[in-house]
Amino acid sequence: MPVHGIDVSHWQGEIHWSAVAKAGTKFAFIKATEGVDHLDSKFKLNWSGAARAGIPRGAYHFMVWCRSAEEQARWFARNVPADPHALPPVLDAEWNGNPKTCPGKIPPGRARAMMKTVLDAMERHSGKRPIIYTDITFHEEVLEGEFDAYPYWVRSVAADPKERYRNRTWTLWQFTTTGRVPGIKGPVDRNAFVGNRAQWASWLAGRSTVATR
């Protein structure tokens with residue numbers, strides 16, 4: 001898989017995007033929003049910096065399960081430009097939260113319904129079919145056999161996704177959370193696109209909606 005990229009948030013601090021581009025980074029997903037009131041403090045800087053460096057970039061929303069899906073969708077649309085040149089938006093769906101203030105888990109059917117509300121709103125806002133990011137546990141408990149029409153971005157840092165995700169095709173693979181890339185101090189999540197460079201160009205141009213492996 002020759003096409004590699006990164007995902008970043010404020011945890012990466014100041015990013016020198018020109019150096020990231022020169023290192024061969026082909027895409028970047030940038031944290032934008034979380035819940036209904038949190039905007040990543042580095043989103044605007046990273047969004048513009050990646051664009052100036054010529055790196056295709058997309059924004060992601062971190063889903064929480066204790067606030068309404070409609071509010072979360074509106075918060076994302078309010079803070080993320082509807083840029084026709086951007087990568088598809090991403091919905092980050094995993095179990096999370098503080099059990100005392102925000103339930104970490106809800107019934108799977110309810111989680112899927114909330115996701116569908118946000119996914120539909122993201123597609124209306126961006127004009128592109130969103131990507132679903134998830135991890136092994138959430139996929140097994142909530143997403144196995146679901147949302148097959150969407151591209152998946154899966155996390156698997158200890159094995160090939162085919163060993164961890166049953167009956168799942170995927171487009172992007174987060175294979176490490178401790179990667180190193182010039183232009184970023186400290187560790188950064190690294191990701192691979194499923195196909196070759198020609199398939200990447202086709203997917204980037206919107207001619208291929210779902211890549212598989």
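Modeller: Start with Cys102, which counts as buried at 10% relative accessibility. Buried means under 20% relative accessible area, exposed means over 50%, and partly exposed lies in between (1.4 Å probe, protein chains only). This is a predicted model: local features need pLDDT of at least 70, side-chain atom pairs count only at pLDDT 80 or more, and totals for chains, interfaces and linings use all residues. Residues are numbered from 1 along each chain as its sequence is written, and side-chain values use heavy atoms, with hydrogens and water left out.

Biologist: Which residue forms a disulfide with Cys102?

Modeller: The general idea: a disulfide is a covalent bond between the sulfur atoms of two cysteines. The rule here is a pair of cysteine sulfur atoms within 2.5 Å. That rule gives one disulfide. Cys102 pairs with Cys66, and their sulfur atoms are 2.1 Å apart. The torsion about the S-S bond is about -95°, so the disulfide is left-handed.

Biologist: Where do Cys66 and Cys102 lie?

Modeller: Cys66 lies in the loop between strand 4 (57–62) and helix 3 (69–79), and Cys102 in the loop between strand 5 (90–93) and helix 4. The pair therefore ties together parts that are 36 residues apart in sequence. Helices (H or I, at least four residues) and strands (E, at least two) are DSSP runs, numbered from the N terminus.

Biologist: Is Cys66 buried or partly exposed?

Modeller: Cys66 is partly exposed, with a relative accessible area of 32%.

Biologist: Now helices. At what angle do the axes of helix 4 and helix 5 cross?

Modeller: Two packed helices are described by the angle between their axes and the distance between the axes. Helix 4 (residues 108–126) and helix 5 (residues 136–143) have axes that come within 9 Å and cross at roughly 100°. That makes helix 4 roughly perpendicular to helix 5 (65 to 115 degrees).

Biologist: Which residues of helix 4 meet helix 5?

Modeller: Pro108, Ala111, Arg112 and Met115 in helix 4 meet Phe138, Glu141, Val142 and Leu143 in helix 5. Contact means heavy atoms within 4.5 Å.

Biologist: How many aromatic pairs does a search of the whole structure find?

Modeller: The search finds 14. Rings of Phe, Tyr and Trp (its six-membered ring) pair if their centres lie within 6.5 Å; planes under 30 degrees apart count as stacked, over 60 as edge-to-face and the rest as tilted. Phe147 is buried at 14%, and Tyr150 is buried at 7%.

How values were computed:
Axes fitted to C-alpha atoms, helices over the stretch in contact; angles between N-to-C directions. Parallel < 35°, antiparallel > 145°, perpendicular 65-115°, else oblique.
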